[in-house]
Amino acid sequence: MRDRIWIIAALIVFVGLVTYPAWRSLEARTTSRPPTLLLPKLEKECVAPTPYMRSSHMKLLLDWRDSVVRDGQRQYLAFNGKTYEMSLTGTCLKCHDKQAFCDRCHDYAGVPTPYCWDCHVDPKLAPMQSGPASTPRTVNPSPSVVIPSEARPDLIGARNLAPKVKTGRDSSAPTAPRNDKASGFLPDPQRSAP
Amino acid sequence: MKMTRKEFLKLSGACLVVLSGGEAATVFEGADRNETRATSARRAAKQWAMLIDTAKCAKDKGCTNCIEACAGAHNIPSIPDSAHEVKWIWEERFENVFDSYQTQYMAEARKQQLTPVLCNHCDDPPCVRVCPTDATWKREDDGLVMMDWHRCIGCRYCMAACPYGSRSFNWIDPRPYIKHLNPDFPTRTKGVVEKCDFCAERLAKGRQPACVEACPEKALLFGDVKDQKSEIRQVLASANTLRRKPELGTGPNVYYDL
């Protein structure tokens, strides 16, 4: 019975190791329950029935993509007879939040964030990059290279942004662009309501 | 029935001709179709085009409203390093835009005059012909040279093929260089070619391209050149207009009124 202490110690280590995942998830406050997603307040129905969206939203998004980009067809006639604009940021993200909806479920399911977001912009992120906050980010990644855009604006095509914007043009607000009537274009809403 | 060797050869030869005839016909038909693909674009129902009045444009020295409007609408980064620049519409000196039209006696100021340049949305676009993935194509219903950034593999054949340098390659991630991120339009990623698309997304909503709307001098005129009653056709009928490098046969659709 001289080995009792070793046996008990080994048992404690063994139980600790076996239950480690449970402790670990307790500490990380994770749960095996699927995320409860808040339903959008704007709309009662999605563009397709929920089971279909849950299983095949990626196919729907790819179909939308091909339809808009390749065929120029931007309207989607949904199962409920409604017509939606086929737009990830314009239609999907109008109701759903990328972080609270897309990312949470993708995280839970262990599906990596798709590369949609490499290009398509989460509208919530857009204001963060606008204004003076973005100015320090526009740094030359290779400082050894001389920046010619300032030195030779004639060559590069004067890309100096904000200071050159003319504010005086708003005086021409009431006059619509000259060929609006002739070719049937809509007027610029920015001009009529600056 | 007995068959001589000569008869056998004759019969099998005739069989071969009959069997391969259909195949050969489709091959020749296909060649014919390839030949007419370029010309079919010229017969498109609609062809968006732009007319740039260089005199009006020159009135407002230093104005870059069209470039800024385009950058704002399409999330175009402003990268200070010219080797990484991304351009949809930009300015070039007259002598570079129309090198074959300048003379030795032309005033220096005229040679240096900045002229806006952009994708010409050619009738027979060489960029489209070389694209290995069909990521760029000539849209049949309105003649736009479109791009599918989902499909572009970044081989830059189109950049080599374009005689106007209208295409830019994203050597680096453009997002940090975008001044005002517009959520209504995607950005691009590193490794993708991009260019002016005549604001296809605005045309779909019945609006004019951003640069045309932004020009304070109304120096840019946009319209359908296949429509005889369009304003651009009226102006093109009487004005002295030039196109860039028409001798190459690309059929550019951006006209310059000198």
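In chain B, an open sheet of 4 strands runs in the order β8-β1-β10-β9 with mixed pairing, where two strands pair if DSSP finds at least two bridges between them, and where helices (H or I, at least four residues) and strands (E, at least two) are DSSP runs numbered from the N terminus. The edges are formed by β8 (220-224) and β9 (241-243) of chain B, each of which pairs on one side only. Neighbouring strands of this sheet are turned by 30° against each other on average, direction ignored, with axes taken as lines fitted to C-alpha atoms, for helices over the stretch in contact, and angles running from 0 to 180 degrees between N-to-C directions.

This is a predicted model, in which local features need pLDDT of at least 70 and side-chain atom pairs count only at pLDDT 80 or more, while totals for chains, interfaces and linings use all residues. Residues are numbered from 1 along each chain as its sequence is written, and chains are lettered from A and ligands numbered from 1 in the order in which they are written.

Within the sheet, strand β1 (residues 48-53) of chain B pairs with strand β10 (residues 254-257) of chain B in the parallel sense over 4 bridges, and Leu51(B) stands opposite Tyr255(B) in β10(B). Helix α10 (residues 231-238) of chain B packs on the sheet, touching β1, β8, β9 and β10 of chain B, and its direction makes about 110° with that of β8(B); contact here requires C-beta atoms, placed from the backbone, within 7 Å.

Chain A, by comparison, has 11 helices and 2 strands, following the pattern α-α-α-β-β-α-α-α-α-α-α-α-α along the sequence.

Key. Contact = placed C-beta atoms within 7 Å.
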